[in-house]
Amino acid sequence: MTTIQVFDLQAVQKIRKGAVLVALLALVGLTMVSQSASGLDSPLHEGVEAVGLAAIVFAVVGRAWCSLYIGGRKKAEIVSRGPYSISRNPLYIFSFFGAFGVGAQSGSLTLAMLFTLASLMVFYLTVRREEAWLGATFGADYEAYKARTPRFWPNLALWRDEAELSVRPAFFLTTLRDGLVFLLAIPLFEAIDLAQAEGWLKVLAYLP
């Protein structure tokens, strides 16, 4: 019974990664044929990119922080301390910031919001399936945690922490590596900007 549940959770994670990749490719394709309405060299365009970079850094640090608590423990126990005491899915929340930051590298707030909404939809569906698995695995203990802790939006009044943490370096480094992938958006969107400026890519739409 336990083996089947573990397999199902792994399958959900694979589906999530596949859905994220498909959504990312579709949005990058949209970025290649659109441009921020303010222009590539405008202060607004540069400002949106700068805000996006800050969001990416925030996401990378936040995801790494969450991994200190959850790394390797999700299938074995209910983690309810640190960031997981105020939200059931803090790692995903930081991923939303990362998605916004990736889209913002286009210089368009519209595209930044589209990237964010795409990640929200993917992770919402993932969370629903994970919750079913966690409920079946941990029963009343998980239902109690679920009842007192918000799914996404943090409730800071619930903060509880551990005096000490047992850190698993491999999981921390894996999460850090995955988060750093967000930074690849910077050279990617700069290359798209250059291709559009040189006329190699045709701009079909101008977005705020």
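This note goes through the confidence of a predicted model, its helix packing and one of its salt bridges.

1. Basis. The model is predicted, so local features are taken only where pLDDT is at least 70 and side-chain atom pairs only at pLDDT 80 or more, while totals for chains, interfaces and linings use all residues. Residues are numbered from 1 along each chain as its sequence is written, and side-chain values use heavy atoms, with hydrogens and water left out.

2. Confidence. The protein chain has a mean pLDDT (the predictor's confidence in each residue, from 0 to 100) of 86. Of its residues, 89% reach 70 or more. Over residues 1–7 pLDDT stays under 50, and the model has five contacts (heavy atoms within 4.5 Å) beyond four places in sequence for this stretch. Where pLDDT is low, the predicted coordinates should not be read in detail.

3. α2 and α6. Helices here are DSSP runs (H or I, at least four residues), numbered from the N terminus. Helix α2 covers residues 43–70 and helix α6 residues 169–180; their axes come within 9 Å and cross at roughly 160°. Axes are lines fitted to C-alpha atoms over the stretch in contact, and angles run from 0 to 180 degrees between N-to-C directions. The two helices are therefore roughly antiparallel (over 145 degrees) to each other. The crossing is right-handed (near helix turned clockwise from the far one by less than a right angle). On α2 the contact is made by V60, R63, A64, S67 and L68, and on α6 by residues including F171, F172 and L176. This contact divides into seven nonpolar, three polar and two charged residues. In this count Ala, Val, Leu, Ile, Met, Phe, Trp, Tyr, Cys and Pro are nonpolar, Asp, Glu, Lys and Arg charged, and the others, Gly among them, polar.

4. α2 and α3. These axes lie 7 Å apart at an angle of about 160°, so α2 and α3 are roughly antiparallel to each other. Their crossing is left-handed (anticlockwise). The contact has 16 nonpolar, five polar and two charged residues.

5. α4 and α5. α4 packs on helix α5 (residues 140–148) at about 135°, with the axes 6 Å apart. The pair is therefore oblique. E131, L134, G135 and F138 of α4 meet A140, D141, Y142, E143 and K146 of α5. By class, four of these residues are nonpolar, one polar and four charged.

6. Salt bridges. The structure holds three (side-chain nitrogen of Lys or Arg within 4 Å of a carboxyl oxygen of Asp or Glu). One of them joins E131 to R88, with the closest N and O atoms 2.5 Å apart. E131 lies in α4 (residues 109–138) and R88 in the loop between α2 and α3 (90–104), so the pair ties together parts 43 residues apart in sequence.

Terms used. Angles under 35 degrees count as roughly parallel, over 145 as roughly antiparallel, 65 to 115 as roughly perpendicular and the rest as oblique.
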